[in-house]
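Work through the exercises below with the structure in view. Each task is followed by a solution in steps.

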Amino acid sequence: MKRPKLNQTLFLCLLFVLLAACAGPAAEAPVENAAEAPVVQAPEATSVPAEAGITHLTKPSDLPAESISQASDHDSSKTPLAATGGDFLTRGRIERPFNANSMDTYFPELDILIATLYMDEEWIYLDLTLAGSGTAANYALEFDTDRDGRGDFLVISQGAASTEWSVSGVQVWQDADKSVGGITPVLSDKSKASHNGFESLLFDAGQGDDTDLAWSRLNPNGTAGVQLAVKKSLLTSDAFLWGSWAGRSAINPALFDLSDSYTIEEAGSALADSIFYPIKQLSEVDNTCRQPVGFTASGGEYGLCPGCAPSNDSDSCTRPLDCPEGNWLQSDCACVYPG
Ligand SMILES: [Ca+2]
Ligand SMILES: [Ca+2]
Ligand SMILES: [Ca+2]
Ligand SMILES: [Ca+2]
């Protein structure tokens, strides 16, 4: 009489094991399905607008209290119809926050007054103090990381319109083939540029190997200005030169150096006493001189700000060695090649 009871017990155990075995996969199935779902949907995500599919792991916060570098720039609001100084295209110095030809419209949002660099553990920040607010414009931070005078990276903010950090409109370009600057970096070459400027787009509004690489925002403190943030990991060196830009269509990566893309005859000059006055093809753009970070400048660096090194005085203008004496125009600090 014991055998039927044993069989019944064995049967119940077997049934339990079978149910448990079935229950296992059934319980895991939703997890597997959940894990597979994004893979199935991924191809469709490529057709979604760029910002929609971006997941950010980190973003910049407030700027550190202490800056690491600063460049002051000419204030062109002081004189109507002309710049007060700082506009020597053939030396890479540009001060043109005006419209072309008549120069009767001044754009305070394109006039950099102070450019300040900050750095923390993860980010390099550029803070641009502008003469005033206006139509959304483009701003850029240029790095020369091997200190040969050729810009290596260009971080551009296009149309920043909020005080919140955003990757929208932010691009990072590289001059991977070392063509920026043509024959002589920063300075105008004898013939106009045929090179491609910054040709490699590393980051575009969150698209790129690092979706968090670069950000921008309007100054959140109420003063007219724009801030850019880019990861320190972009740069291969802790010692570099940096400069900044404000402009509209002139902030075009393919046109760098601008001093090689326009002759001074084409570009004109913003200085009232120049024979090339007024500005013509190159207008609505401003830049700053370059400051060193992480090293002591020798004074021979291209585009270096005045006073950065004992032997450096960029405000004094001397004829470059590669400019024939007959082609030198001291009043414009320019080497001019007829025809
Ligand atoms: Ca300025
Ligand atoms: Ca360089
Ligand atoms: Ca290039
Ligand atoms: Ca050049």
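**Exercise 1.** Find how strand β1 and strand β3 pair, and over how many bridges.

Solution. Strand β1 and strand β3 (residues 112-119) pair in the antiparallel sense over four bridges. Strands are DSSP runs of E with at least two residues, numbered from the N terminus, and two strands pair if DSSP finds at least two bridges between them. Within this pair, Ser69 stands opposite Leu117 in β3.

The model is predicted: local features need pLDDT of at least 70, side-chain atom pairs count only at pLDDT 80 or more, and totals for chains, interfaces and linings use all residues. Residues are numbered from 1 along each chain as its sequence is written, while chains are lettered from A and ligands numbered from 1 in the order in which they are written.

**Exercise 2.** Sort the residues of β1 by face, covered or uncovered.

Solution. In a regular strand the side chains alternate between the two faces of the sheet. In β1 (residues 69-72), Ser69 and Ala71 make up the covered face. Gln70 and Ser72 form the uncovered face.

**Exercise 3.** Give the strand order of the open sheet of five strands, and say why one side of β1 and of β10 is left without a neighbour.

Solution. The order is β1-β3-β4-β11-β10, with antiparallel pairing. β1 and β10 (214-218) stand at the edges and each has a single partner strand, so one side of each lacks a neighbour in the sheet. On average, neighbouring strands of this sheet are turned by 15° against each other, direction ignored; the angles are taken between axes, lines fitted to C-alpha atoms, on a scale from 0 to 180 degrees between N-to-C directions. Inside the sheet, β4 (residues 123-130) and β11 (residues 225-231) are joined by seven bridges, and Leu128 has Val226 of β11 as its bridge partner.

**Exercise 4.** Which residue in the hairpin of β8 and β9 takes a positive phi?

Solution. Begin with β8 (residues 200-204), which runs antiparallel to β7 (residues 170-174) and is joined to β7 by four bridges. β8 also pairs with β9 (residues 207-208), over two bridges, and Asp204 stands opposite Gln207. Two residues lie between the strands of this hairpin, and Ala205 has the positive phi, near 55°.

**Exercise 5.** Is Gly151 buried or exposed?

Solution. Gly151 is in the loop between β5 (138-144) and β6 (153-158). A residue is buried if 20 or more other C-beta atoms, placed from the backbone, lie within 10 Å of its own, exposed if 12 or fewer, and partly exposed in between. Gly151 has 29 C-beta neighbours inside 10 Å, so Gly151 counts as buried.
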